[in-house]
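Let's take a walk through a protein model together. Have your viewer ready and follow along.

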Amino acid sequence: MVVIRLSRGGSKGRPFFNIVVSDKRVRRDGRFIERVGFYNPSARGAEESLRVAQDRVSYWVGVGAQVSPTVERLLRTSQKALAAAPVAA
């Protein structure tokens, strides 16, 4: 089964997560099929804390990939942020 989940990076005490599409049997930080975004929980000020390629996530979900609960929560957060963002004219 293919799953969309977080892959941990960064140093000790400074986590950074890549949002990846991988085979469920592969270890958490191991080989992956595609990187579709990132999540930086320790972002400060103007730093970007979350970026997701929504079109690629939609594609993978469309072909049967399962989304982990944490990534599902992050995707809902990013969709709310996009909906609330002012449209540039």
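This is a predicted model: local features need pLDDT of at least 70, side-chain atom pairs count only at pLDDT 80 or more; totals for chains, interfaces and linings use all residues.

Residues are numbered from 1 along each chain as its sequence is written, and side-chain values use heavy atoms, with hydrogens and water left out.

Start at Ser 68, in the loop between β5 (66-67) and α2 (69-84); helices (H or I, at least four residues) and strands (E, at least two) are DSSP runs, numbered from the N terminus. Ser 68 counts as buried because its relative accessibility is 16%, where buried means under 20% relative accessible area, exposed over 50% and partly exposed in between (1.4 Å probe, protein chains only).

Next comes α2, whose buried residues are Val 71, Leu 74, Leu 75 and Ser 78. Seen down the axis of α2, these fall within an arc of 105 degrees, so they line one face of the helix; the arc is that of the directions from the helix axis to the C-beta atoms. Turned away from that buried side are the exposed residues Pro 69, Lys 80, Ala 83 and Ala 84.

What covers the buried residues of α2? The cover includes β1 (2-11), β2 (14-23), β3 (34-39), β4 (50-52), α1 (54-62) and β5, with contact meaning heavy atoms within 4.5 Å. Ile 19 touches Val 71, among others including Ile 4, Leu 6 and Val 52.

Notes: Lists of a residue's contacts leave out its neighbours within four places in sequence.
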